[in-house]
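Dear colleague,

I am passing on the structure below, followed by an account of what was found in it. Please read the two side by side.

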Amino acid sequence: MKRIPIVSAVGLSLAVALLCQPARAEAQPAQTDAAEADAQDSFHDHRDADIVVTAPMRTSRLDTLSGVAVLKAEELTAALRSSIGDTLQHTPGVTSTSFGPTASRPVLRGLQGERVRLLTNGIGSIDVSNTSADHAAVVNPLLAERIEVLRGPQSLLYGSSAIGGVVNVIDGRIPNRIPDEAVHLSALASYASAAQERSLSAAGDVPLGGGWVVHGDASYFKSDDMRIGGYALTPDLRAEALATSLLPVDPLDPVSDVDFAANAALRGTLPNTASRTWSAAGGLAYINDNGSIGVAYSHFDSLYGVPLRFATQLDQVQEAPRLLQKQDRIDARAEVRPQGSLIDAVTFRFGFADYSHAEIDPEGIVGTTFLNKGMEARLELKQAKHGGWSGVTGAQFVRRDFDVIGDEAFLPRNSSGQFGLFTMQQLDTGSLRFEAGARWEHAQLDSKPLPDQPQFITGSRRYDAWSGALGASLELAPEWRLGINLSRTERAPAGEELFANGPHAGTSAFEIGDPDLAKENAWSVEAILRGKGPGYSFELSAYHTWFGNFIFERRTGATTDGLPVFQISQSDARLYGFEAEAKVTLARFGVWTLEADGLADYVHATIAGHGPAPRIPPLRMLGGLALESTHFDLRGEVEHVTAQNRVAPLETVTPAYTMVNAELAWRPWGNARPLSLVLSANNLFDVNARRHASFLKDYAPLSGRDIRISARLDI
């Protein structure tokens with residue numbers, strides 16, 4: 001914890017060094033992030049860039065030895081949803097927790113929660129979305145310029161909790177370019193029928209002269225209860241609720257007011273899923289040829305409902321909480337480009353956030369309040385390239401002070417701190433590229449319950465986690481590469497996994513942690529084949545991971561306080577799978593181009609001594625046809641998700657489903673794209689589908705038929 005002043009001193013030194021340099025506003029400024037400069041040379045350049053900003057050395061997608069996905073420009077506009085999880089739902093290897101339309105977090109290669117890091121411009125979201133599936137992430141896709149997903153060993157440079165992967169939402173809150181015009185403005189408006197969604201967001205950048213740029217943005221989102229394509233409950237739960245409705249009920253029993261027959265009959269709309277969210281931010285940056293420095297402040301405010309775990313038996317509790325969520329955040333970034341023979345760039349990033357949310361019952365009474373103050377600092381030294389050798393080395397510090405207040409507090413007051421050192425080195429010999437990386441991380445977690453909380457333990461846990469990766473890729477032909485990497489990773493348990501012991505209304509579960517958890521470790525091997533040529537592109541990755549001390553939630557079958565009990569446990573585990581995507585041009589006629597694309601992904605996970613791991617997504621396949629021109633794009637696609645019959649003990653089978661979607665995009669001014677409009681019809685046949693990765697899949701299906709229209713302006 002005493003390292004904070006050192007990090008702050010480094011940032012201050014960078015600031016002084018930058019401000020002593022002469023500004024050259026009339027010239028094209030050096031970029032705060034070299035990758036962003038390559039990926040988007042100006043505010044109006046929408047080329048299909050291959051640079052991956054989140055990758056440690058900002059390499060092209062073809063050269064990365066990890067699974068990578070990038071959403072940007074019009075593709076991002078069409079994919080945008082109210083949550084980051086649903087925005088990425090058609091990304092290879094990604095599904096979502098689907099805890100209602102608002103609290104939907106990404107699931108990467110079957111891993112979720114503490115194993116997936118959500119970042120904003122390379123710094124963590126600093127919320128409590130990793131604590132529980134009902135907690136929405138404070139990551140706003142409405143203001144994103146691009147979203148990147150990085151899976152595999154390179155993601156571990158962002159922390160041991162990124163063992164499953166990283167999702168990085170990149171926005172412009174700290175400007176990194178000087179606009180060519182007096183004011184640069186971008187705006188997005190959308191409407192969707194399934195939940196009567198209305199959203200509006202806008203961002204602007206104004207050059208002040210002398211290298212200074214000011215930024216401002218705001219967004220607003222509102223929705224009603226979500227429409228679904230059939231019954232809320234599965235057939236088995238409906239039958240159970242109907243049978244319970246015929247039993248005699250004690251009028252003094254707290255569940256006597258539950259209408260079990262009404263629960264069984266509920267269809268068409270998913271209650272308690274309405275939401276309202278707004279955000280606002282401002283930023284200021286100084287940019288010159290030698291680097292930049294900037295700061296931003298943002299406020300996030302959201303009120304949303306959590307789908308009910310409907311009671312189907314007399315001993316079950318039925319609650320309908322809403323969450324009032326707020327965050328105030330400060331971000332800073334500085335970069336110096338010394339242009340020396342040893343160091344090419346020194347980059348410092350910092351984020352601090354004060355977060356809270358209150359769980360409110362239907363009468364408006366606050367039941368439980370979650371408080372979280374956190375900070376993250378990251379220092380990177382990018383080496384100057386010598387021949388084919390390049391690399392980046394750095395340090396990362398994360399601090400969190402967390403508390404839960406209320407009768408249903410399932411966690412004690414606790415704090416955690418992590419300090420890590422990392423490096424990633426690359427050697428490019430032309431047709432052959434090598435990559436090696438390592439990370440050391442020290443974590444300390446402290447449980448500090450109040451005197452009236454005897455159910456929680458008091459004490460500290462310390463862990464030292466070591467991770468390393470080694471890989472190589474071979475050029476098989478121009479624009480075709482075959483890569484393979486091997487990694488050994490370790491993850492310290494989170495406070496939620498160690499210290500939980502109590503009822504949680506949001507998930508309708510009684511959660512019990514294990515204070516004696518050991519470090520989770522994993523050996524992984526992954527092979528990647530990527531290629532492209534005139535009119536086609538292809539990518540295939542296959543991976544296999546052997547976990548030791550895999551941490552998982554095990555449903556015991558018992559109930560406490562009317563809630564199912566979930567116990568944190570450890571065992572060895574094995575996970576393997578693949579992701580594939582391809583795109584090919586079928587024909588060209590006049591101004592039109594006909595293209596076909598497809599993707600498939602699959603995960604298989606087994607926990608030793610327990611059988612299949614819970615909430616693992618089944619095989620998914622998606623295929624589409626698109627007719628594209630300068631002004632119009634027309635696309636249709638079919639997505640099929642197979643049934644998940646490999647289920648954990650006390651977990652239910654999830655049926656297969658097939659969805660059909662269609663989309664029409666119009667650019668009135670052509671590919672210059674100052675304005676684009678997208679009309680889409682999702683789940684055209686109103687299928688009642690359920691996502692196996694969701695805790696609430698048997699109670700809350702996915703959205704029914706949804707007609708969306710979006711307009712994006714960029715001037």
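Not counting residues up to four places away in sequence, L88 touches L71, V94, P106, I147, V149 and V167. Please keep in mind throughout that this is a predicted model.

L88 also belongs to the largest nonpolar core, which has 21 residues, and together with I84, I147, V149 and V167 it is among those that touch the most other members. At least two residues of this core come from each of β1 (67-72), α3 (73-79), β4 (116-120), β6 (146-151) and β7 (165-170). As general background, nonpolar side chains tend to be buried together in soluble globular proteins.

Between β1 and β6 the pairing is antiparallel and extends over six bridges, and G67 stands opposite R151 in β6.

The largest cavity has a volume of about 670 Å³, and of the 41 residues that line it, Q112, G113, E553, R615 and F695 are the closest to its centre. Its lining takes at least two residues from each of α7 (495-499), β24 (509-512), β26, β27 and β28 (592-607), and divides by class into 20 nonpolar, 11 polar and 10 charged residues.

The second largest cavity has a volume of about 550 Å³, and E114, R117, N130, V398 and R400 are the closest to its centre among the 35 residues that line it. Two or more lining residues come from each of β4, β17 (366-383), β18 (389-406), β19 (414-428), β20 (432-447) and α7, while the classes are 11 nonpolar, 15 polar and nine charged.

Among the open spaces, the second largest pocket holds about 1,000 Å³. Of its 50 lining residues, R555, L650, E651, T652 and D698 are the closest to the centre, and the elements that contribute two or more residues are α5 (235-245), β26 (536-560) and β27 (563-589). β26 gives the most to this lining, with seven residues, and the lining as a whole comprises 24 nonpolar, 13 polar and 13 charged residues.

With best regards

Note on methods:
Residues are numbered from 1 along each chain as its sequence is written. This is a predicted model: local features need pLDDT of at least 70, side-chain atom pairs count only at pLDDT 80 or more; totals for chains, interfaces and linings use all residues. Side-chain values use heavy atoms; hydrogens and water are left out. A nonpolar core is a set of buried Ala, Val, Leu, Ile, Met, Phe, Trp, Tyr and Cys residues joined through side-chain atoms within 4.5 Å. Buried means under 20% relative accessible area, exposed over 50%, partly exposed in between (1.4 Å probe, protein chains only). Helices (H or I, at least four residues) and strands (E, at least two) are DSSP runs, numbered from the N terminus. Contact means heavy atoms within 4.5 Å. On a 1 Å grid over the protein atoms alone, a cavity is a set of points where a 1.4 Å probe fits but cannot get out, and a pocket is an open set with protein on both sides within 12 Å along at least five of seven lines; lining residues have an atom within 4 Å of a point. Grid points are joined across faces, edges and corners, and a volume is the space filled by probe spheres set on the points. Ala, Val, Leu, Ile, Met, Phe, Trp, Tyr, Cys and Pro count as nonpolar, Asp, Glu, Lys and Arg as charged, and the others, Gly among them, as polar. Two strands pair if DSSP finds at least two bridges between them.
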